[in-house]
Structures are given as structure tokens and as C-alpha cells.
Amino acid sequence: LVGRAVGAKGLESTDALLRVTLKSGAVDRRVLGAGHPVLTIQGEPSRLDVLRDYARLGVEHIAGGVDHLLFVFGLLLLTGGTRMLLATITAFTVGHSVTLALAALRIVEVPQAPVEVVIALTIYILAVELARDAAPGGTLLRRRPWAMAFCFGLLHGLGFAGALREAGLPANDVPLALLSFNLGIEVGQLVFVS
């Protein structure tokens, strides 16, 4: 199959993961979509292909993840100024980056269904905090939203890992794929916050 074009029909509203295992044992994994429904099979995906495909997958995951976007929107409402917002979003990023890597590398394995329930709980907790009157001194969530965002980010990273696990990681470029997926998530978050 190396050098041949492979594609899929019906990708107007969804993407597909193309995974080809060659006789050599090399695995070519790439994402097909409406803008790129046909790809040429390569022996080994280039680093640029891995970077592009996993970053796109990260952007698409955050853009389609209403739960994560609601949480980010809640952080936006909770923080007062730009500096605190940046600190809070950065803490969320660090938190979910840690567990995303641990779960994607199968160092930590948690069933996806309970993770999704706990992610919903983090959104509920944030919504309750936003509904309260901001008292002088405030609650811990209002005084240190970055600490809450870091802790909740740890949980959200397990949710992101589920999407990455479905796509799979290229054997020769695991760190690059993780970094690219995470960068895609960040780009999606920053576009949303902007």
C-alpha cells in the first residue's frame, strides 16, 4: 500500500482515523476529514504529519467538547482580570497535560464513564460558585481560581486521554503526538477565550 492513495466518503460532518499496519510493523495513522478525504500511504509518517494531524485532532476535540468549553467559559467568568485569567488557564493546561500524558502512556488507567461524570461534577461546582454572591474575602475558588483549575484540569486530562486513546499514538513519535494534541487543545481553548 505504500505510495497508494486511500480515502473515505461521507466525511462532511465527521473525521475518520486511517490506521495502516505495514509488513515491517510500521503503523501509519492519520486523520481523514472533509478537507482531506484521501491520503497517500507512507512507510513512516513524517514528523510534520504527526504534528499536523494530532494538533488538528486536539483542536477538533476541544471544539466538539461542550463540557470542556463550558468549564473554560466558567473560568473566564470567575477570574477578574487578564492576568488572573492567564494564570488560571495556564494552571488548567498544566493539570490536564499531566494526566493526559499519564493516561495516554497507560501509566494511569481509569474507565472513561466515571471520568465523564466527574468532569460534569467539576462544571457543576464551578457553576454553583458563579451563582453565589462574591463575598468579601471570597471562597477558595474565588481567591485562588488557578489552584482549582489545576486540580480540575487533572480530571479533564483523563477525558482528553480518552479521545487520544481512540486515535492511537504513533510508535516512533509518542512525545511529538502528545505535545501536538495538547497544543491543539490549547489553540482551541485560546480561540474560544478570545
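Which residues make a nonpolar surface patch of about 310 Å²?

**Figure 1. Nonpolar surface patch made by Leu105, Ile107, Val108 and Val110.** In this predicted model, these four side chains account for a patch of about 310 Å². One of them, Ile107, is found in the loop between helix 3 and helix 4 (112-131). Ile107 counts as exposed because its relative accessibility is 59%, where the cut-off for exposed is over 50%.

**Figure 2. Salt-bridge network of Asp49, Arg52, Asp53 and Arg56.** Salt bridges link these residues in a network. Within it, the side chains of Arg56 and Asp53 meet at 3.3 Å, N to O. Both residues belong to helix 1 (residues 47-64), where they are three residues apart, about one turn of the helix. In an α-helix, residues three or four places apart point the same way, because there are 3.6 residues a turn. Asp53 counts as buried, since its relative accessibility is 3%. The count for the model comes to five salt bridges.

**Figure 3. Salt bridges of Glu129 with Arg132 and with Arg142.** The side chains of Glu129 and Arg132 meet at 3.4 Å, N to O. For Arg142 and Glu129, the closest N and O atoms are 3.2 Å apart. Arg142 lies in helix 5 (residues 140-143) and Glu129 in helix 4, so this pair ties together parts that are 13 residues apart in sequence.

**Figure 4. Aromatic cluster of Phe71, Phe92 and Phe152.** Ring pairs link the three residues into a cluster, and the count of aromatic pairs comes to two. Phe71 and Phe92 form a tilted pair, with 5.1 Å centre to centre and 35° between the planes. This pair links distant parts of the chain, with Phe71 in helix 2 (residues 66-78) and Phe92 in helix 3 (residues 82-104), 21 residues apart. Both Phe71 and Phe92 are buried.

**Figure 5. Helix 7 (residues 174-193) and its buried residues.** Helix 7 comprises 20 residues and reaches 29 Å from its first C-alpha to its last, close to the 28 Å expected at 1.5 Å a residue. Its buried residues include the nonpolar Val174, Leu176, Leu178, Phe181 and Ile185.

Key:
Residues numbered from 1 in each chain as written. Predicted model: local features only at pLDDT ≥ 70, side-chain atom pairs only at ≥ 80, totals over all residues. Heavy atoms only, no water. Helix = DSSP H or I, 4+ residues; strand = E, 2+ residues; numbered from the N terminus. Expected span 1.5 Å × (residues − 1). Buried < 20%, exposed > 50% of the residue type's maximum accessible area, 1.4 Å probe, protein only. Phe/Tyr/Trp six-rings, centres within 6.5 Å; stacked < 30°, edge-to-face > 60°. Patch = residues over 30% accessible without salt bridge, like charges linked within 9 Å, V, L, I, M, F, W, Y side chains within 5 Å. Areas by Shrake-Rupley, 256 points an atom, 1.4 Å probe, with all protein chains shown as cover.
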